[in-house]
Amino acid sequence: QEIEIAGIGISGRSLGDNIQKDFYLKQKKQDLGKVENKVVFTQEIPEEAKAVFNRAVSDLENKKVESGIKELENALQIFPDYFLALERLGLERIKQQKYEDAKKLLSEAVKIFDRSFNTWYGLGYANYSLSLSQEAVSSAEKAVSLNSGSIEGLLLWGVSLRQDKQYEKAE
């Protein structure tokens, strides 16, 4: 960090100088009450499917949506149980408001790995959009159980409960 030292010298002229100051940072002791347990998911993916998936992600990040979606579909052709491809394509389908497709893809994804907040949230959103109230409540509740601090998850759970006419719980 740079620190400037300024003063008034002879004849009212300002004198200035720059010096370097070293700071040594220490890690705070961790509060064991705030430690999070996270589940790590690994999946062996064929190299060809990985390469296609990476191209899809790159296309989507560069706003080439049609190409990205086609590449995700290709990755799933190569390896139908590719969790990340199922999840990403399901979430892209939600953006396109293709909720039936999203529901199918995300339902498959949670069969492969059921500890992903994004997958459960997306499934809840698709169910809510399809007016499948009880399924939306169940999916949103599962999402919130995985990330209780998510404002979006709590909101989805609340509106799903309201859609299911469980007003007191929704409140």
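User: Is E47 buried or exposed?

Analyst: E47 is exposed, at 58% relative accessible area. Exposed means over 50%, buried under 20%, and partly exposed in between, with a 1.4 Å probe and protein chains only. The model is predicted: local features need pLDDT of at least 70, side-chain atom pairs count only at pLDDT 80 or more, and totals for chains, interfaces and linings use all residues. Residues are numbered from 1 along each chain as its sequence is written, and side-chain values use heavy atoms, with hydrogens and water left out.

User: Which residue forms a salt bridge with E47?

Analyst: A salt bridge is a side-chain nitrogen of Lys or Arg within 4 Å of a carboxyl oxygen of Asp or Glu. Here K50 pairs with E47, and the closest N and O atoms are 3.4 Å apart. The two residues are three apart in helix α1 (residues 47–61), so about one helical turn separates them. Helices are DSSP runs of H or I with at least four residues, strands are runs of E with at least two, and both are numbered from the N terminus. K50 is partly exposed, with a relative accessible area of 31%.

User: How many salt bridges does the structure hold?

Analyst: There are seven. One of them joins the side chains of R55 and E71, at 3.3 Å from N to O. R55 lies in helix α1 and E71 in helix α2 (residues 65–78), so this pair ties together parts 16 residues apart in sequence. R55 is partly exposed at 43%, whereas E71 counts as buried at 14%.

User: What does K95 pair with?

Analyst: K95 forms a salt bridge with E92, the closest N and O atoms being 3.2 Å apart. Both lie in helix α3, three residues apart, or about one turn. K95 is exposed at 62%, while E92 is buried at 5%. Through shared partners, salt bridges join R88, E92 and K95 into one network.

User: How do helix α3 and helix α5 cross?

Analyst: Axes are lines fitted to C-alpha atoms, for helices over the stretch in contact, and angles run from 0 to 180 degrees between N-to-C directions. The axes of α3 (residues 83–95) and α5 (residues 117–129) come within 10 Å and cross at roughly 35 degrees. Their crossing is left-handed, meaning that the near helix is turned anticlockwise from the far one by less than a right angle.

User: Which residues make the contact between α3 and α5?

Analyst: Contact means heavy atoms within 4.5 Å. F83, E87, L91 and I94 of α3 meet N118, T119, G122, Y125 and A126 of α5.
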